[in-house]
Amino acid sequence: MKRSRINAIMADAAEMIAGAGFHLPPFAHWTPQEFRARATPAIRDGRLGWDITDYGQGDFDRLGLFLFTLRNGNLVELSAGRGMVYAEKLLISQENQISPMHTHAIKTEDIINRSGATLAIRLCGSDGQGRMDRNAPVRVDCDGIPREVAAGGVIRLGPGESVTLRPGDWHEFWAEGGACLIGEVSTVNDDLTDNIFAAPIGRFANVTEDVAPTHLLVSDYDSDVA
């Protein structure tokens, strides 16, 4: 993805988030220079901040997602069962923009339609080795109410509605009828190792530096850009 496109997506996302009555934390507004001077280990190591991906496929409008990680604990405390064992994100899915089929080995997450259009989520279960089983139904909780979904079935969430997904619950999602602002509340998030995709794709975008970044991406933190 070109950095100029990423900058534009950030600006549009910030406008949508503000329009929904949400406020991003102060570090969201730091320039790259401010980030380099002020970012703490909690921000860098927790990979808090801007995250825009086309999954390395070069077609963001078809296959992509905007994310902003607001808070994140760490796996050491999660393993100990105490401390900061949770994470929170904001996501934006555009109309018919797919976040591709995947699951997590560790993370349990609530996916919440915060505002906007309908959020559609396709679900599949796992086999005994955790691999996607296209014939396995999935049992999930939707706002505390158990629901069994046939393999490959789609649930649709309106604003305010949510679903709880556990490790081994395979899922892909997109917005219908416009863009959707999504909340994610979960156990500790590890985007480097805990995203298991059904197709051989990457988690992050490959960035072409045609202009300077407005804000750094979490994928910039380990690079020369940061």
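## A first look at the pockets, cavities and cores

The largest pocket is lined by 16 residues, and Asp-45, Gly-46, Asn-72, Gly-73 and Asn-74 lie nearest its centre. This is a predicted model, in which local features need pLDDT of at least 70 and side-chain atom pairs count only at pLDDT 80 or more, while totals for chains, interfaces and linings use all residues. Residues are numbered from 1 along each chain as its sequence is written, and side-chain values use heavy atoms, with hydrogens and water left out.

**The largest pocket**

- A pocket here is an open set of points on a 1 Å grid over the protein atoms alone, with protein on both sides within 12 Å along at least five of seven lines; lining residues have an atom within 4 Å of a point.
- About 280 Å³ of space lies in the largest pocket, where a volume is the space filled by probe spheres set on grid points that are joined across faces, edges and corners.
- Helix 3 (residues 41-45) gives the most to this lining, with 3 residues; helices (H or I, at least four residues) and strands (E, at least two) are DSSP runs numbered from the N terminus.
- The lining of the largest pocket divides into 7 nonpolar, 5 polar and 4 charged residues. Ala, Val, Leu, Ile, Met, Phe, Trp, Tyr, Cys and Pro count as nonpolar, Asp, Glu, Lys and Arg as charged, and the others, Gly among them, as polar.

- A cavity is a set of grid points where a 1.4 Å probe fits but cannot get out, and the count comes to 3 cavities of 30 Å³ or more.
- The largest cavity holds about 160 Å³ of space. It has 18 lining residues, and the closest to its centre are Leu-65, Leu-67, Ser-99, His-102 and Asn-195.
- Strand 11 gives the most to the lining of the largest cavity, with 3 residues. By class, this lining has 7 nonpolar, 5 polar and 6 charged residues.
- The second largest cavity has a volume of about 70 Å³. Its lining includes Phe-27, Trp-30, Trp-50 and His-215, and by class it has 8 nonpolar, 3 polar and no charged residues.

**Nonpolar cores**

- In soluble globular proteins, nonpolar side chains tend to be buried together.
- A nonpolar core is a set of buried Ala, Val, Leu, Ile, Met, Phe, Trp, Tyr and Cys residues joined through side-chain atoms within 4.5 Å; buried means under 20% relative accessible area, exposed over 50%, and partly exposed in between (1.4 Å probe, protein chains only).
- The largest nonpolar core has 29 residues, of which Leu-24, Trp-50, Ile-52, Phe-66 and Phe-68 touch the most other members. Helix 1 supplies the largest share of this core, 5 residues.
- Apart from this core lies another of 22 residues, among them Tyr-55, Leu-119, Val-163 and Phe-173.
- Contact means heavy atoms within 4.5 Å. Leaving aside neighbours within four places in sequence, Ile-52 is in contact with residues including Met-1, Ile-6, Phe-60 and Leu-217.

**A hairpin and a loop**

- Strand 7 (residues 138-142) and strand 8 (residues 145-149) pair in the antiparallel sense over 5 bridges; two strands pair if DSSP finds at least two bridges between them.
- Cys-142 stands opposite Ile-145 in strand 8. With 2 residues between the strands of this hairpin, Asp-143 takes a positive phi near 50°.
- Arg-166 is found in the loop between strand 10 (162-165) and strand 11, and Arg-166 is partly exposed, with a relative accessible area of 38%.
- Not counting residues up to four places away in sequence, Arg-166 touches Thr-103, Lys-107, Thr-108 and Asp-141.
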